[in-house]
Amino acid sequence: MAFRIKQTRWLYMSLSILSLCLAFIITPVKASPPVITTVLSSSQPTNGLEQGRNLYESGRFAEAITAWQTAAQQYHTQGDRLNEVLSLSYLSLAQQELNQWQAAQQSIEQSLKLLQTVKPSADAILWAQALNTQANLQLQTGKAETAIESWQQAEKFYEQAGDKMGSLGSQINQAQALQTLGFYRRSKQQLEVLTEKLQGMPDNEIKVSGLRSLALALHEIGDGNSQKLLEQSLAIANKIAAKPQLSSILISLGQTAVDLQDPEAALDYFEQAQLLATNPGDQLQARLAQFKLFLDYDKPEFATPLAPQLLQQLRELPPSHISLYAAINFVGILTLNRQSNPDQIVPMKDLAQLMAVTVKSAQQIEDAQSEAYALHQWAKLYRRTQQISEAQELAQKSLNIARQLQANNIIAQSAWQVGQLYKQQGDRSKAITAYTEAVNALKALRGDLVAINSDVQFSFRSSVEPVYRELVDLLLENQPSQAELIQARELIEALQIAELDNFFREACLDKTQQIDQVDPTATILYPIILPDRLTVILSKAGQPLRSYVTQKSIAEIEQTLDNFLVALNPVSDSKDRDGFSQQIYDWLIRPAEADQAFIDTKTLVFVLDGRLRNIPMAALYDGKQYLIEKYAVALSPGLQLMATRSLNQNHLSAIVGGISKSRAGFAALPAVESEIKQISKAVSSSVLLNQEFTSQALAEQVKSSSASIVHLATHGQFSSRLEDTFLLTWDGQMNVKELSELLKNRGSDPSKAIELLVLSACDTAAGDDRAVLGLAGLAVKSGARSTIATLWPVKDRAAAILMTRFYDQLRQPKITKAEALRQAQISLIRQNDFHDPFFWSGFVLIGNWI
């Protein structure tokens, strides 16, 4: 007799959870072992469905296929359509495990077709399972959008069947598919709600998958909880013996260890993943991860023996979305690694042949995205061997496909490549056109620029920043036109925004304002460091843009900047310091002064580039005076000023907090008490000192108070790494994201925005040439109109004096914040104890200087 099919728990576990196992590859986790629950008569022999389950659980996919094919045929003969539907659905999953995509497609299509003929309508659970299998296939063959639609349908059927776990599984699948499209933030929002539901449920494979999927989304947006969730997912997977998921979780943990610069731990995770992999695809990803790790840490002696094995495996794997990207990334690992010569590991002709086969395979399974990336990578190989015309043809094909797909992530890279090739051939006009298309694509990606692409992800510094800089270089060649100067300025500003988005792993600015229209007495300078020169674009309201060029190599410019920073130490020779300072002054300021460009200028606003961000502009020396003695100085990350409004000197009020005592391994700041006392006298203040200065107390004060100023005198650090940028409170370190969200906790009313944020005892991370990015990031993300902070730890007594003078000045009628800071700095210059630039020039004003 036929048996009734109960609700099964395994099919919706064919979750395509994404694993960033390399710097630029994501792989789906394969289906979990089927748990088939049937009602058998006592005389009925073990059926084909259970045989298939047992074989599938042990990783014997080919034999499981045979068992389910037999079962499907038997049920067809018996006229048992429901069990035939189920057998075909399972069969498709097993075929997907072996990358038999065409056969898997035929099996699931046949299953769905049968379901439509069953009268009365089949159980909702069968529809849900079949749609889930179809969605998994769609995702693995590069059709993520279609997969999301199928999972949405599956979710409705699970709900109709009253299967809550099935519904949750489908929702997790949808969130994971969003990750393949690069929408990590949307995925995170969905997964957080789902994971909260899962935490209270018994340990099972859906819980493992949900935790891991959320961990990966958090990893991509820089949330430190990622590793903890991965470890929890691994513990549960081990507990319930979820073997198919173990390798993917271990690969994810390995990538986390790579990010934490712990190669030994990473290698251990990757090796475990390889041993525990239940199918060739997972094993390949683990070996590729090891291969990249060896090359990244300059261990070619370990990478070289792996290369032919990987190449052979890539040649033998049937075409799939995963195997295509594995091939692309194998080539990418070799061509991107600067510490090794690819020819010494794999002959260039073999890599080109692999890409040729990959392009054909992508066409075969109709995976246009993979085809575009393979063409892009193939063009890179030809460019490396100076086969320029062949590279041009391939790169253009890649770009054409990307345009058809409207895939900005691929357009950004392919158009950049086309531009580079035109530039190499001396066709400046076509190169500018191609570069502009690449930049526009990057701007369109801005909300999800966390990863340029979820399958082929490169770092910001290697594939976003250079696109902008190379286009600026082209635009500023020879005698740039006014239109080219305007475009170059816009690009530098856009790059600043992109850097901040990348720092926070999210788009952090939605409104911008043309800063040279804010204040007619201000002049904006954009110093741009190019490979062979330093160009300064100068902008003043109502006047055409001007530019000044100094022919110097980037190495010479950066060495001078580094020398000046070292010489700022008070124990250094003041003549050396003045010499380096004057050299930088001659590059940035003197040509414009000679051109009388600063007539009627009161404030110089710098939009600084690269290592110039670490240089205190106020301390530039013309041979007689410091720059601050001639002009007020402010910094801006670009056009990111909030609506212009001067500070109301008649109604100044502040929240003043700080730590004067030694705390959490940080030295005492005894002058902080005096600083806070003096500020409280100058400005109506709510004070939080030492034990009172907790993150909770600060949050409550900011939320309940209408104070326009927040002044924090405590240890802190700015870094180019989000996780290393923090402020010290009595109860621990508050990271920059927490601080920025706290400060924005006034609601969306612009009238309640904080006018001025002052951080008077912070530091930039030692040895980090982009550390000021953290300062700029906080300045912008906090919503404060203006931020004053220090580039290095200043003697606390000097800081106390300067801050007291600053607030005294700020109370004067019609004075700008930049001018108030200037007067405070000049007052220190005129004191014997603190006249050295070290004591006063580290204070910088970022944002609205008015």
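Reader: Which residue stands opposite Q717, and in which strand?
Author: This is a predicted model, in which local features need pLDDT of at least 70, side-chain atom pairs count only at pLDDT 80 or more, and totals for chains, interfaces and linings use all residues. Residues are numbered from 1 along each chain as its sequence is written, and side-chain values use heavy atoms, with hydrogens and water left out. Strands (E, at least two residues) and helices (H or I, at least four) are DSSP runs numbered from the N terminus. The residue opposite Q717 is D763, in β15.

Reader: How many bridges join β11 to β15?
Author: Two strands pair if DSSP finds at least two bridges between them. Strand β11 covers residues 716-718 and runs parallel to β15. The number of bridges joining β11 to β15 is three.

Reader: Why is α11 called roughly antiparallel to α12?
Author: Axes are lines fitted to C-alpha atoms, for helices over the stretch in contact, and angles run from 0 to 180 degrees between N-to-C directions. Angles under 35 degrees count as roughly parallel, over 145 as roughly antiparallel, 65 to 115 as roughly perpendicular, and the rest as oblique. Helix α11 (residues 243-259) packs on helix α12 (residues 263-276) with the axes 8 Å apart. The pair is roughly antiparallel because of its angle, which is about 165°.

Reader: How many charged residues are in the contact of α11 with α12?
Author: Contact means heavy atoms within 4.5 Å. Among the residues that meet are L246, L250 and K243 of α11, and Y269 and F270 of α12. Ala, Val, Leu, Ile, Met, Phe, Trp, Tyr, Cys and Pro count as nonpolar, Asp, Glu, Lys and Arg as charged, and the others, Gly among them, as polar. The contact of α11 with α12 has 12 nonpolar residues, four polar and, of the charged class, one.

Reader: What is the angle between α29 and α30?
Author: Helix α29 (residues 695-704) and helix α30 (residues 736-743) have axes 9 Å apart. The two helices are therefore roughly parallel to each other. Their packing angle is about 25°.

Reader: Which residues of α30 meet α29?
Author: By class, this contact has six nonpolar residues, one polar and no charged ones. On the α29 side are S695, L698, A699 and V702. The α30 residues are L739, L742 and L743.
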